[in-house]
Amino acid sequence: MLTESKKIWMDGKFINWADANVHILTHTLHYGTGAFEGIRCYKTKSGSAVFRLKEHVDRLFDSCHILKIEIPFSRKEISKAITDSVKVNGLKECYIRPIVFLGYGAMGLYPKENPVRVAIAVWPWGAYLGEDGIKNGIRVKISSFTRQHVNATLTKSKTCGDYVNSTFAKREALECGYEEALLLDTSGFVSEGTGQNIFIVRNGMLITPPLPSVLEGITRKSIMEMAHKEKIEVREANFTRDEVYIADEAFFTGTAAEVTPVREVDGRTIGNGKPGPITKKLQSLFFKVVKGEVKAYKSWLTSV
């Protein structure tokens, strides 16, 4: 269960958490046509700061553009609403969930003139896959569910309805005794987790699946940029599940997952079963960056 905050920003104003409700015939509730973002705010020595706010807001607007939904607020207004949400709720660190959805109006698959609604909720949320997972790594199952084909859905949008695929995969993994799932694409290559991008390390090289079949993760991009600066070779390339089995290291990235090592896949130990040196180096750097401890990356943080 998540921890409730005081206020939620809805359609331009703050309302009490318990009053943030929608009509049962809200269009997106039935058909999934909406978009959301996952963002984190971290406590730094100079105060709270949102990690890569501009990039997240840009992706929210990109998602809605793909879905042909016009957000009734500017990027500047949404950005301010996000930082205001953190301040109003008095949180030093939190998870931030903006969502754009089609409200009550016409039913049926074509929403016609249904109102476009926007909400932003913030709440305290620790390590998504657990503190032990961050420290020691998690066990992962290759899912029996396939990631959607690029022509079956629009994979560069964080579309609400697309995450049904992820919930099936996540449930299956947990019921089989694993902590997370890894999905393959329709060609059988490794795609991504239920809400994370995947990296593997082989012979000192960092490899991640290319963009056509995966979401353009902001944490993914950040890790790639940091790796380049650390003189770690990075390559975007397709790879198979058995290449993950024999990888020296593997880890997930994402706003919720942050940088979470993978120590086992389908009962096969990855490397020596512990987070490897490249994983630990990038994970350590990532947490220093989000805490505002690395001057070179201060531009990634927006003070609240």
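Visitor: How much space lies in the largest cavity?

Guide: This is a predicted model, in which local features need pLDDT of at least 70, side-chain atom pairs count only at pLDDT 80 or more, and totals for chains, interfaces and linings use all residues. Residues are numbered from 1 along each chain as its sequence is written, and side-chain values use heavy atoms, with hydrogens and water left out. A cavity is a set of points, on a 1 Å grid over the protein atoms alone, where a 1.4 Å probe fits but cannot get out; volume is the space filled by probe spheres set on points joined across faces, edges and corners. For the largest cavity that space is about 40 Å³.

Visitor: Which elements each supply at least two residues of the lining of the largest cavity?

Guide: Lining residues have an atom within 4 Å of a point. Here they include Asp248, Glu249, Val262 and Arg263. Elements are DSSP runs numbered from the N terminus: helices are H or I with at least four residues, strands E with at least two. The suppliers are β14 (249-254) and β15.

Visitor: Which residues line the second largest cavity?

Guide: The volume of this cavity is about 30 Å³. By class, its lining has 3 nonpolar, 2 polar and 1 charged residues. Nonpolar covers Ala, Val, Leu, Ile, Met, Phe, Trp, Tyr, Cys and Pro; charged covers Asp, Glu, Lys and Arg; the others, Gly among them, are polar. The residues are Arg40, Tyr42, Phe51, Thr219, Thr255 and Phe286.

Visitor: Arg40 forms a salt bridge with which residue?

Guide: A salt bridge puts a side-chain nitrogen of Lys or Arg within 4 Å of a carboxyl oxygen of Asp or Glu. For Arg40, the closest N and O atoms of the pair are 3.7 Å apart. Arg40 lies in strand β4 (residues 39-44) and its partner in strand β15 (residues 258-265), so the pair ties together parts that are 218 residues apart in sequence. That partner is Glu258.

Visitor: Is Glu258 buried or exposed?

Guide: Buried means under 20% relative accessible area, exposed over 50%, partly exposed in between (1.4 Å probe, protein chains only). Glu258 has 6% relative accessibility, so it counts as buried.

Visitor: Which element gives the largest share of the lining of the second largest pocket?

Guide: A pocket is an open set of points with protein on both sides within 12 Å along at least five of seven lines. This one holds about 270 Å³ of space. Its lining has 7 charged residues, with 3 nonpolar and 1 polar. The largest share, 5 residues, comes from α2.

Visitor: How far apart are the closest N and O atoms of Glu236 and Arg220?

Guide: Glu236 is partly exposed, with a relative accessible area of 41%. Arg220 counts as buried, at 4%. Glu236 lies in strand β13 (residues 234-236) and Arg220 in helix α6, so the pair ties together parts 16 residues apart in sequence. The atoms are 2.6 Å apart.

Visitor: What does the count of salt bridges come to?

Guide: Some salt bridges share partners, and Arg52, Glu55 and Glu225 are joined into one network that way. By the rule above, the count comes to 17.
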